[in-house]
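Hello,

Here is the structure for you to look over. My notes follow below it.

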Amino acid sequence: MNLLSPLALRHHTARCRVLFGPHETNLGDGRAFSSRHVAYYRARAEGGAGIVVTEEASVHPTDWPYERCPDAEEAGPGWAAIAAACRPTGALVVGALGHSGGQGSSAYSQRELWSPSDEPEVNSREVPKVMEGADIDAVVAGFGRAAATAAAAGLDGVEVNAGQHSLIRQFLSGLTNRRGDAYGADRARLAREVLTAVRAALGPDPLLGLRLSCDELAPWAGLTPELAADVARELAPLVDYLVVVRGSIFTVAETRPTGHHGAGFNLELAGVIRQAVDGAVPVVAQGSIVDADQADEALAAGRCDAVEMTRAQIADSALVAKLRRRESPRPCVLCNQWCRVRDNRNPIVSCIADPRAGHETTDPAEAAEKVPTPHPAAGRPLTPSPPGDPQRPPLLVVGGGPAGLEAARVAARLGLPVTLWEAAADVGGMARLAARAPGHHRFARLVEWLAEDATAHGAELVTGRAATDADLAAWPGPVILAPGGRPAPPGFEVEAGAVVLTPEAVLAADDAGRAELVPESVVIWDPLGGPIGVGVAETLAWTGRRITYCTPDPIVGTLLSLTGDLPGANVRLQQAGIAIERRVVLRRAAAGTVTVEHRFSAERTELEAGAVIDCGHRIPADGLGAGQYEVHGGRVVLVGDAVAPRTVGDAIREGRQAALALAPAGLALAAMAAGGGSS
Amino acid sequence: MSAGGRYRYLFSPLQVGSRTLANRIVFSAHLTNYATQGGLPSAQHAAYYEARAAGGAGLIITEEHSVHPTDWPYEKMIHAFRPDVVEGYRRITAAVHRHGVPILAQINHNGGQASSMYTRRPLWAPSPVPDPLFREVPKAVDQHEIDEIVRSYATVAARCVEGGFDGVELQCSHSSIVRGFLSPATNHRTDGYGGSLANRARVLHEIVAAVRHALGPAPVLGVRLCGDELIEGGTTIDEAVALARAIEERGGVDYINTSIGVATASLHMIEASMHVPPGYATFIPSAIRAAVRLPVVGVGRFKDPLQAERALAEGHADLIGVVRGQIADPDFAVKARAGRAEDIRLCLSCNQECVGRMGLNRWLGCIENPDTGREAAPVGPPRSRAALTLATGAQNTAADATAAAPNGRNANGHGAPAVPHLVVAGGGPAGLQAAVSGAQRGWRVTLLERQSQLGGQVRLAATVPNRAELGDLVRNLAGEARRLGVDIHLDTDASAERVEMLAPDAVVVATGAVPQRPWWAPPPDGGGERICDVVDVLTGAASPTGSVVVIDDIGFHHATSVAELLADRGCQVEIVTKSMVVGQDLGITLDMEGWWFRASAKGIVQTIDRVAMGYDAGTLTLLHHPTGADDSRSPDWVVLAVPPRPADELYLALAERAAAVGSGNPEWLLRRIGDCLAPRRAHAAVVEGQRAVDEIARALTASPPRTLALGTVSAPATSEIAAGAAR
């Protein structure tokens with residue numbers, strides 16, 4: 001048995017053991033599922049997912065946790081459209097149902113939150129209403145109604161959430177359930193009532209899954225693996241599969257964390273629960289499972305019967321199809337930058353490695369690896385012909401960071417002859433350096449994959465080769481310029497003898513080099529509150545240096561709130577003994593000292609520091625048309641940091657766009673028509 | 001008296017370009033987040049602006065409209081670069097023009113003060129300088145892109161006129177690529193668009209010329225300038241005055257609007273909260289008006305008509321922007337003109353539901369006006385618009401229409417009463433709003449308040465330094481209740497027996513919340529006599545002295561307010577929170593920066609990441625949760641800013657009685673609202689006060705037979721009563 005072998009569930013068979021789990025997408029049309037949802041799920045179904053679980057729908061009007069959260073009352077037509085689009089591909093389609101309880105939001109509903117007890121949610125600090133008996137009955141009925149709607153819409157089943165952000169978990173947990181009634185004496189009572197009502201509404205055939213938090217990471221009152229094992233044993237007879245997750249109101253980010261937690265961090269917990277239920281129900285493991293090898297090992301070791309690989313399939317919608325073809329899927333880097341979208345701004349779910357994710361209805365696909373038949377408009381066979389068609393003018397890509405690599409890769413897949421010049425000894429650019437910081441190492445996998453895929457399709461990658469303006473002028477074909485950026489000059493006074501280091505220099509050095517470069521005491525100046533400053537700090541942490549982290553904000557790394565790493569980063573830095581100066585502005589670096597000014601008292605403090613590492617913003621690299629879109633009459637286009645230094649995802653998106661713009665018209669059409677599945 | 005009543009200037013007309021304004025009250029540009037459908041103006045936009053036109057504003061200037069696809073900084077922005085906005089424009093302008101009020105569109109490009117999240121393309125700005133809020137490095141625009149921006153302003157200006165607008169205002173302050181060019185802080189260019197003021201203003205002059213050309217001579221063209229950006233190296237008043245002169249000299253512009261602050265770096269001074277004195281930005285229009293002949297608009301916490309009148313009389317401005325004042329009360333101008341200024345629901349400048357929701361991508365609302373943001377939603381009669389007619393005695397309601405056996409019941413004896421009697425228990429914001437809403441429907445309303453004053457916790461919260469304006473919430477609601485004839489009984493305990501004796505048709509329980517001690521805090525008679533709640537400090541029941549630790553578990557004004565109060569009294573104050581920031585929601589209402597300045601000045605220590613774990617013999621034990629390190633304090637006093645518990649005893653008693661009445665249907669409808677349902681903020685109380693009455697009205701008209709289809713109103717079983725008691 002492995003990842004690709006089928007799994008029998010009730011009267012259904014999943015074609016493989018890979019589940020695409022429920023997650024926020026903000027793709028909705030209001031609170032209804034949209035055509036963008038349909039395209040998003042269809043791409044994953046076409047890509048081979050065994051079970052596609054749709055975004056959780058709220059089962060009762062008291063639950064409106066984020067603006068675009070689907071409402072089960074409005075979900076019927078959307079569920080039907082998703083089922084119609086996905087089931088012909090062979091995937092099972094299951095609708096997630098839930099109620100967020102006290103972890104919801106009153107901002108949209110303009111009414112009180114419901115919860116078993118009056119424990120305030122940790123971040124909003126909003127005190128919920130203690131549910132009355134009629135409220136409980138209403139929620140149970142809501143689950144039943146939603147299940148009936150799902151079944152009528154033609155879904156293969158439903159999945160009930162007792163994991164993160166769920167009222168049912170709040171009832172199960174001593175952290176949040178301090179009731180004196182029957183629902184407090186028997187904390188699993190609500191879960192049983194809901195599952196029973198849902199089964200009754202579904203009828204005998206559809207699947208009923210349960211997502212259960214099996215470790216709230218709060219052993220003083222929360223669900224522990226031992227307590228959860230009892231709950232799982234009790235509920236197992238009522239369900240057809242059980243997804244093991246973790247997390248509580250205190251640890252929302254721990255359910256789907258960044259790469260600071262290892263891939264597959266939850267597999268052991270899944271194994272504990274699987275042993276406890278002893279075959280009564282198939283167990284699905286969740287938790288940063290992004291590598292097929294690890295998943296196969298876990299299946300072989302009996303830790304689980306199936307795996308949820310959600311982010312891996314956001315990064316590569318054709319994950320399973322590629323595994324079947326023994327191809328290497330585009331890796332998820334566990335960065336959470338574009339896929340964790342429970343954010344007030346309603347960002348669309350996407351992926352820095354595949355910016356088309358979530359934008360299936362608007363963004364062209366990169367060239368399909370297998371275009372079934374030549375497009376009549378193309379005029380020539382479209383099957384890619386590596387190493388490039390000599391009849392076409394060759395493409396030169398300057399710069400081998402993410403933007404350049406993606407441009408070369410996509411152009412090579414289009415069948416263009418491609419040469420990439422990278423001035424440094426290795427490709428990867430800033431992403432390769434970022435990968436050296438703790439928790440970011442998977443960025444290196446992405447760089448490798450981009451380079452390998454480009455090479456496999458015939459692109460020639462040349463390192464140690466810088467380009468000059470004369471090169472650009474002489475090049476016979478189109479040029480995509482991706483030379484990247486450089487640090488902006490310091491925004492503070494630098495006196496003679498002061499040592500100001502760049503994050504690049506610190507990250508690029510090996511241990512020996514770093515010992516020489518970075519003195520015993522150092523100030524990290526982070527005016528941006530982003531991952532770079534935190535990454536540099538963690539790189540230097542636990543090395544015996546005295547580190548002072550200076551930020552203009554009240555919190556270190558404010559931009560990390562989107563990835564969920566904000567609390568984690570602040571804990572890690574403090575545990576490493578790094579001193580933090582909050583609400584300060586760096587004014588002056590001198591030999592051995594750094595002067596900071598408090599933003600609100602204007603008081604100036606001199607800190608002892610052999611060097612300051614300036615983690616400020618970057619600007620486009622000089623020369624070669626820096627900061628422009630195009631030069632040489634449009635034959636040379638710029639992408640990525642060379643236009644404006646931003647993130648890896650921006651670089652990849654622009655690199656891809658520039659390459660697709662070079663596609664022969666017919667091929668571009670074919671790529672568009674290829675739609676969701678085959679990129 | 002003249003048409004302007006007691007106001008010599010406020011209600012005098014003014015010529016602005018080709019248009020004549022009936023008065024000097026401007027509903028100036030502000031975000032609403034009402035563009036919920038792909039960047040197009042919505043029906044809600046039209047209804048929202050129309051309500052202010054109907055309420056008598058002299059001029060309406062809409063929220064900004066984006067002129068170019070590179071500008072989409074927040075989700076629900078109007079995309080003027082789309083030609084199909086015109087239909088929505090016509091809906092807005094027709095609605096406003098129905099009331100004879102001119103309306104301008106503010107048009108803008110936010111430049112680098114934005115995010116590329118929605119556009120998925122680089123930001124455009126004069127220089128690659130990241131904005132301190134968005135922190136994204138923009139692309140420095142080249143000549144080609146500058147020309148494209150200038151053209152896009154002209155195109156959009158013409159489109160606005162096509163859509164029926166009387167003209168446009170160019171946003172050149174707050175958050176704007178024009179501001180980016182004007183300000184030395186963000187313009188580092190070395191070409192003809194950087195360096196001298198003349199160079200930095202080049203883009204503005206080019207846009208004015210192009211827009212005027214596109215508009216033709218008649219439509220109004222205004223320019224909004226910043227008088228002080230309040231940032232290092234930013235624009236200040238002298239340069240603003242010089243720029244205003246240059247604009248006037250070049251011609252084409254009909255008026256100058258003013259502003260203070262930058263929408264990202266110093267937003268807290270643009271939409272200043274009640275902590276900043278009213279009229280704090282008046283020096284800006286004053287200085288500019290002294291230098292130009294064009295009409296000048298002044299803004300900045302103009303709250304009431306007398307204050308506006310005075311600024312006009314003193315010559316600081318020709319027009320006064322009243323934004324939040326008209327968000328809170330659309331009838332601000334009508335009421336002032338009618339000599340009923342005291343009827344105006346005065347804005348509190350609390351920033352909780354207007355400004356506070358904008359930053360969170362939610363629709364604009366108001367803490368004290370539950371209809372704001374819902375103008376387009378169908379409402380049952382008579383609700384807020386009827387308040388004016390009610391005050392004059394003309395009143396009829398849907399309930400009346402169901403008429404009417406002499407005993408107040410329908411002929412069948414158990415249907416809706418002719419004039420329902422609503423009993424409200426509790427005179428805080430929730431109870432007051434319920435009473436007002438009931439009285440607006442023509443019901444007989446009795447309100448019972450245990451204390452000798454109305455207002456509940458809001459009355460107390462308004463007693464701390466610089467928070468007095470919060471008390472206007474009570475003043476406004478209580479005044480409205482009295483005007484509507486609500487029978488108010490102070491010093492009256494609302495027992496279940498008393499409520500029943502009043503023979504109500506409906507009972508709304510709004511008894512609020514009471515302080516409770518967290519698990520680690522011993523009771524006063526168990527060693528915790530030096531521990532008290534914020535409420536105890538404000539009522540005077542406790543008077544901490546010496547060193548004080550305030551525990552902030554709520555994260556709003558509670559801890560910071562009491563800390564300031566005690567620091568002012570000479571205490572050494574430290575606030576301890578388990579969160580990453582003290583008073584973290586102060587950021588939402590733009591109170592954070594001011595708090596930090598004051599905390600620094602008053603020596604208030606802010607300690608984060610620490611959980612209180614125990615208190616014994618004067619020593620408070622703390623846990624630094626990120627590291628697990630132990631910590632402790634031995635202050636003279638500990639003050640608790642922690643969530644209270646619902647005062648739900650009356651509700652539970654009434655519910656029990658209701659359950660005991662025969663079939664389970666009581667003779668009266670029962671509803672609980674506000675903090676006695678779940679302790680939250682004043683907005684929830686006000687919303688629920690109105691909603692409870694709406695729902696009761698629906699239930700009354702739906703009967704006979706009267707059934708309790710009101711969600712949680714139905715009588716709870718004994719188990720929940722036990723649950724409530726166990727809490």
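First, a term: a residue is buried if 20 or more other C-beta atoms lie within 10 Å of its own, exposed if 12 or fewer, and partly exposed in between, with C-beta atoms placed from the backbone. This is a predicted model: local features need pLDDT of at least 70, side-chain atom pairs count only at pLDDT 80 or more, and totals for chains, interfaces and linings use all residues. Residues are numbered from 1 along each chain as its sequence is written, while chains are lettered from A and ligands numbered from 1 in the order in which they are written.

Chain B: Gln44(B) sits in helix H1 (residues 43-54) of chain B. Helices (H or I, at least four residues) and strands (E, at least two) are DSSP runs, numbered from the N terminus. Gln44(B) counts as buried because 20 other C-beta atoms lie within 10 Å. Leaving out residues up to four places away in sequence, Gln44(B) touches Tyr34(B), Glu375(B) and Ala376(B); contact means C-beta atoms, placed from the backbone, within 7 Å. From Gln44(B) to Thr32(B), twelve residues apart along the chain, the C-alpha separation is 9.8 Å.

Chain A: eight strands close into a barrel with parallel pairing, in the order S3-S4-S5-S8-S9-S10-S11-S12. Pairing requires at least two DSSP bridges between two strands. Strand S3 (residues 18-20) of chain A pairs with strand S12 (residues 306-308) of chain A in the parallel sense, over two bridges. There, Val18(A) has Val307(A) in S12(A) as its bridge partner.

Best wishes

Terms used:
Two residues are in contact if their C-beta atoms, placed from the backbone, lie within 7 Å.
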